[in-house]
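Thank you all for making time this morning.

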Amino acid sequence: MKQVKGEMEQQIDWLQHKCQLRGMDPDEYRLLNVALHPMDIHPGDFLFEGGESNREVFLIHNGHVEVGRPQNRHKWIDLGPYGDVDFMDDEESELKESVILGPGECVGEANLFINPAHVLTARATEDGEVLRMDAGTILKICRGHPNVARCIVESLKKSLNPLHV
C-alpha cells in the first residue's frame with residue numbers, strides 16, 4: 001500500500017509541476033488524479049479522429065502525439081452494380097497543419113466546451129502513455145471546483161492557438 005501511495009504522490013507532483021494544467025491547489029490535483037486512467041500508446045494509435053464524438057481528454061505522460069487536420073488519401077473502388085465506394089486507407093492518412101505535443105500537454109479538451117465532434121485528429125508518433133479522463137467526470141469536477149475549469153480553459157487557449165481552430 002505504501003508503494004501505491006508513493007506512486008500516487010509522484011503522479012500528483014507530476015501534475016503540479018510538469019503538466020500544462022497549472023494553477024490548481026493540491027486538493028484539486030488530488031481530485032483530478034483520481035479521474036486519470038493510464039493508457040499505453042504506440043506509433044499510429046489514434047486517440048481520436050476528426051468527426052468522432054468521443055468526449056475524453058488526454059494528458060500526455062510520456063511520448064509524443066501529432067494533432068492536426070485529417071487529410072485522408074481516397075481510393076475509389078468500383079463495385080459494379082453497387083456503385084463506387086470511397087475507401088480511405090488509414091495507413092496513408094496524413095495530418096496537415098499539425099503540431100507535435102509532448103509530455104505534460106493536453107489534447108481533446110476542446111470537445112468539453114466547443115463541439116461534441118472532433119475537428120482534429122490525434123495520433124501517437126511513438127511509444128508512450130497518456131492519462132485519459134472522460135468528459136462526464138471532468139465536468140462534474142469542474143462544477144464543484146471552478147478553478148479546475150479555469151485551468152482547463154487556459155490549457156485550451158494555449159493548445160488551440162497554434163492549430164488555428
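I will begin with the overall picture, go on to the charged pairs, and finish with a few individual residues and the surface patches.

Please keep in mind that this is a predicted model, in which local features need pLDDT of at least 70 and side-chain atom pairs count only at pLDDT 80 or more, whereas totals for chains, interfaces and linings use all residues. Residues are numbered from 1 along each chain as its sequence is written, and side-chain values use heavy atoms, with hydrogens and water left out.

The protein chain has 5 helices and 10 strands, where helices (H or I, at least four residues) and strands (E, at least two) are DSSP runs numbered from the N terminus. Of its 165 residues, 39% count as buried, and for that word I use under 20% relative accessible area, with exposed meaning over 50% and partly exposed in between (1.4 Å probe, protein chains only). The accessible surface of the chain comes to about 9,300 Å², and 53% of that belongs to carbon and sulfur atoms; such areas come from the Shrake-Rupley method with a 1.4 Å probe, and for residues only the protein chains shown count as cover. If we take the contacts with a separation of 6 or more, residues 24 or more positions apart account for 78% of them, a contact being heavy atoms within 4.5 Å.

Let me turn to the charged pairs. How many salt bridges does a search of the whole structure find? The search finds 3, on the criterion that a side-chain nitrogen of Lys or Arg lies within 4 Å of a carboxyl oxygen of Asp or Glu.

One of these salt bridges joins the side chains of Glu9 and Arg30, at 3.6 Å from N to O. This pair links distant parts of the chain, with Glu9 in helix α1 (residues 2-17) and Arg30 in helix α2 (residues 26-35), 21 residues apart. Glu9 is partly exposed at a relative accessible area of 31%, and Arg30 is partly exposed as well, at 35%.

In another, the side chains of Glu56 and Arg132 meet at 3.1 Å, N to O. Because Glu56 lies in strand β3 (residues 56-62) and Arg132 in strand β10, the pair ties together parts that are 76 residues apart in sequence. Glu56 counts as buried at 18% relative accessibility, whereas Arg132, at 25%, counts as partly exposed.

There is also a salt bridge between Arg123 and Glu66, whose closest N and O atoms are 3.5 Å apart. Arg123 lies in strand β9 and Glu66 in strand β4 (residues 65-71), so this pair ties together parts that are 57 residues apart in sequence. Arg123 is buried, at 13% relative accessibility, and Glu66 is buried too, with a relative accessible area of 15%.

Leaving aside residues up to four places away in sequence, Gly44 touches Arg123 and Ala124. The C-alpha atoms of Gly44 and Ala124 are separated by 5.4 Å, although the two are 80 residues apart along the chain.

Next comes Leu156, in helix α5 (residues 146-160), which is buried with a relative accessible area of 8%. Again not counting residues up to four places away in sequence, Leu156 touches Glu109, Ala110, Phe113 and Ile114. Which kind of surface patch do Phe113, Ile114 and Val153 make? They make a nonpolar one of about 260 Å². Patches here are made of residues with over 30% relative accessible area and no salt bridge, with like charges joined within 9 Å and nonpolar side chains (Val, Leu, Ile, Met, Phe, Trp, Tyr) within 5 Å. Ile114 has its place in the loop between α3 (110-113) and β9, and at 54% relative accessibility Ile114 counts as exposed.

Finally, Asp127 lies in the loop between β9 (121-124) and β10 (128-134), and a negative surface patch is formed by Asp40, Asp45, Glu126 and Asp127. For charges, Lys and Arg count as positive and Asp and Glu as negative, while His and the chain ends are not counted; the place of a charge is NZ of Lys, CZ of Arg, CG of Asp or CD of Glu.
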